[in-house]
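Me: I would like to go through the terms used for this structure one by one, and to see each value set against its cut-off.

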Amino acid sequence: GPAAMHYSMKRALMGMGPSGFPFETYIGEIFKAKGYTTAVGQMLRGKCATHEVDVLAKKGDEVRGIEMKFHNNLAMKSDLKVVLYVHARIQDLQKSGAITTGLLLTNTKFTSDAISYAECAGVPLISWGYPEKGNLNDLIRETKTYPITGLTTLTKSEKDRLLNNKVVLCNTLLTDTSSLQNVGLRGSQVQKVITESEMLCSPGGEFDLHYSE
């Protein structure tokens, strides 16, 4: 049912750990699907310091610096401290003109203190369920950028090898089967993964059916 699918998508995102790099690549893909040009892990000069920005997303005059907090545990929340330091970085980068706007994104939740500070100070936040419209759940639904980590036909080590090769989306597997061969899958194994990707990730697939309920 919906809850199970919801939960499995959350778990699929957790499967991008333990490092945050695949998650950064994945968020980059979501913003690409929304019409942005994106780059991961960029060093940008602020007014007072140089900062590494997880994802830089550009569209028209908008240059968005996206900072990410990836947690390997669903119970972990991003707290006020994180929002304070990200706010300072956003302001420093805005002062130098390196970015026009910032964003702090997490795959789990923010504490209520973090949210009330961010709402007061004007720091854009996105978590699995926040804000009410345009949260991570909504973005995945709207862009249909389903992660390969949700597939059951791949082993953990096969998923990790794909993630290391920057392959994060089910759709990539459907348009480019060589990525599966590159990590050592052959013949019927490839076919199984493709079949599951089609069932799960294509328009009208299981994720879609759940999301339209």
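Me: Why does Phe23 count as buried?

Reply: This is a predicted model, in which local features need pLDDT of at least 70, side-chain atom pairs count only at pLDDT 80 or more, and totals for chains, interfaces and linings use all residues. Residues are numbered from 1 along each chain as its sequence is written, and side-chain values use heavy atoms, with hydrogens and water left out. Buried means under 20% relative accessible area, exposed over 50%, and partly exposed in between, with a 1.4 Å probe and protein chains only. Phe23 has 0% relative accessibility, and therefore counts as buried.

Me: What makes Phe23 and Phe70 an aromatic pair, and why is the pair called tilted?

Reply: Rings of Phe, Tyr and Trp (its six-membered ring) pair if their centres lie within 6.5 Å; planes under 30 degrees apart count as stacked, over 60 as edge-to-face and the rest as tilted. For Phe23 and Phe70 the distance is 5.3 Å centre to centre and the angle between the planes is 45°, which gives a tilted pair. Phe23 lies in helix α2 (residues 21-33) and Phe70 in the loop between β3 and β4 (77-78), so the pair ties together parts that are 47 residues apart in sequence. Helices (H or I, at least four residues) and strands (E, at least two) are DSSP runs, numbered from the N terminus. Phe70 is buried as well, because its relative accessible area is 15%.

Me: Why is the pair of Phe31 and Tyr36 edge-to-face?

Reply: The ring centres of Phe31 and Tyr36 are 5.4 Å apart and the planes stand at 75°, so this pair is edge-to-face. Both Phe31 and Tyr36 are buried. By this rule the count comes to two aromatic pairs.

Me: How do you know that helix α5 is mostly covered?

Reply: Six of the eight residues of α5 (residues 136-143) are buried, namely Leu136, Asn137, Asp138, Leu139, Ile140 and Thr143. Leu136 counts as buried because its relative accessibility is 0%. Among the residues that Leu136 touches are Leu13, Phe23, Ile27 and Trp128, not counting residues up to four places away in sequence, where contact means heavy atoms within 4.5 Å. Leu136 and Ile126 are ten residues apart in sequence, and their C-alpha atoms are 6.3 Å apart in space.

Me: What caps the N-terminal end of α5, and what follows α5?

Reply: Asn135 caps the N-terminal end, with a side-chain oxygen 3.2 Å from the backbone nitrogen of Asn137. α5 is followed by Lys144, whose phi is positive, near 55°, although Lys144 is not a glycine.

Me: Why is Lys144 called partly exposed, whereas Lys166 is called exposed?

Reply: Lys144 has 30% relative accessibility and therefore counts as partly exposed, whereas Lys166 is exposed because its relative accessible area is 58%. Lys166 also has a positive phi, of about 70°, although it is not a glycine, and its place is in the loop between α6 and α7 (170-175).

Me: What makes β1 and β7 the edge strands?

Reply: Five strands form an open sheet in the order β1-β2-β3-β5-β7, with mixed pairing. The edge strands are β1 (37-45) and β7 (125-126), each of which pairs on one side only; two strands pair if DSSP finds at least two bridges between them. Strands β2 (residues 50-59) and β3 (residues 62-69) pair in the antiparallel sense over five bridges.

Conventions:
Polar contact = N/O pair within 3.5 Å; in protein donor to acceptor, adjacent residues only side chain to side chain.
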